[in-house]
Amino acid sequence: MKDNRIYVTKPKLPPLEEFIPSLEKIWENRILTNGGPFHQQFEEELAAHLGVPYVSLFSNGTLALMTALQALRVTGEVITTPYTFVATSNALLWNGLKPVFADVDPQTLNLSPKAIEAAITPETTAILPVHCYGQPCDVEAIQKIADDYNLNVIYDAAHAFGVNTPKGSVLNYGDLSILSLHATKVFNTFEGGAIVCKDIKTKTRIDRLKNFGFVDETTVVTHGINGKMNEFSAALGLLQLKYIDSMIEARQTVDALYREKLAGIPGISCITGDGEGRHNYSYFPILVGPEYGIDRDALYELLSENGIHARRYFHPLVSSFPMYRNLPSAREDNLQVALKAASEVLCLPIYPDLETTTISTITDIIARGSTAA
Ligand SMILES: *Cc1c(COP(=O)(O)O)cnc(C)c1O
């Protein structure tokens, strides 16, 4: 049955015929995983493409996050954002760590450095910020806090593939950065993830941790997990690298068209700025403010009735889920900016081949909604 609904994202794949030779090679080699030739080559080419020293590939972003916390031997309390996908703080619980939620900045919706500093206790050992929607965090201010209090910084950069500040890849900030290469992300290997690190010693530790702790055929030195990326995903990733720049360009065109058509609708604002550096146009979040005719949920329904499936990323806040809501830092008065954003945000469909006519349909519905009250 054909599904005519428009979803928030629709992965674009490279031409199938270009993938066939890689598949033939895998069938011929019969090396399917365990750090095979595609895995090796993809790690190298991905690091070069991103402009980072080292990449360790993973089978998904969540395992990469969990392993990054192990790699740095993080203990005690970790300051993080409630305005994210639930995997961010779930990775803390899987490591027996205590999440401490801090509020976000109203402009970027990323962790506020001031709120981070206020949340530090003697138990704090690390900060886990998210570059939400691919917008860089205030990386300089966060590094200063980390230096002042001797904390590790692990960036959940699941949204930040290919994002640069004027000083280069945003993935080079902090101790480690984590990418997700899941089907819904800007760059995908169906399922996949990666840790970006700065020195070979750390990469070696990460690579052991993702392979059960093995250092050779018979020696296991640590309690590793199985986080390895398989050869199929690595081969697909290598091929996708050829197309990613043009796909980001196509997203930029969609982004620009949305901005043009939404400008002037009272109560609607775009949050991802056109700041310095290089953006990846991974999401198109709008805020539905009080001056708009109807509230965010009513607009979500209105779009849905017209076959447009926008997403309320990130609502509800992670801190409101049962495993977090009793934490002192989950109190509503501690997270007011995040709460407001969670009630106003709507992510509109954005992907490389989203048609101009569909964009117009979406923005026309939004324009009509402003007078629907
Ligand atoms: C997608 C996502 C993850 C999890 O990545 P997976 O590859 O799906 O495991 C983690 N954090 C954020 C912010 C994400 O958006």
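1. The lining of the second largest pocket takes at least three residues from each of two domains, domain 1 (16–241) and domain 2 (244–369), where the domain bounds come from an automatic or database domain assignment. This is a predicted model, in which local features need pLDDT of at least 70 and side-chain atom pairs count only at pLDDT 80 or more, while totals for chains, interfaces and linings use all residues. Residues are numbered from 1 along each chain as its sequence is written, and side-chain values use heavy atoms, with hydrogens and water left out.

2. The second largest pocket holds about 460 Å³ of space. A pocket here is an open set of points on a 1 Å grid over the protein atoms alone where a 1.4 Å probe fits, with protein on both sides within 12 Å along at least five of seven lines, and lining residues have an atom within 4 Å of a point; the volume is the space filled by probe spheres set on the points, which are joined across faces, edges and corners.

3. Of the 30 residues that line this pocket, F85, H159, S180, T184 and K185 are the closest to its centre. Two or more lining residues come from each of α3 (61–71), α4 (87–94), β9 (176–180) and β14 (345–348), and α3 gives the largest share, three residues; helices (H or I, at least four residues) and strands (E, at least two) are DSSP runs, numbered from the N terminus.

4. K185 also lies over the face of F85, at 5.9 Å from the ring centre, and the charged end of R312 sits over the ring of Y300, 3.6 Å from its centre. For such a contact, NZ of Lys or CZ of Arg must be within 6 Å of the ring centre and within 35 degrees of the ring normal.

5. The structure holds 13 aromatic pairs, that is, rings of Phe, Tyr and Trp (its six-membered ring) with centres within 6.5 Å, counted as stacked if the planes are under 30 degrees apart, edge-to-face if over 60 and tilted otherwise. The rings of F19 and F232 have centres 5.2 Å apart and planes at 85°, so this pair is edge-to-face. Because F19 lies in helix α1 (residues 16–29) and F232 in helix α8 (residues 231–241), the pair ties together parts that are 213 residues apart in sequence.

6. F19 is buried, at 6% relative accessibility, whereas F232 is partly exposed at 31%; buried means under 20% relative accessible area, exposed over 50% and partly exposed in between (1.4 Å probe, protein chains only).
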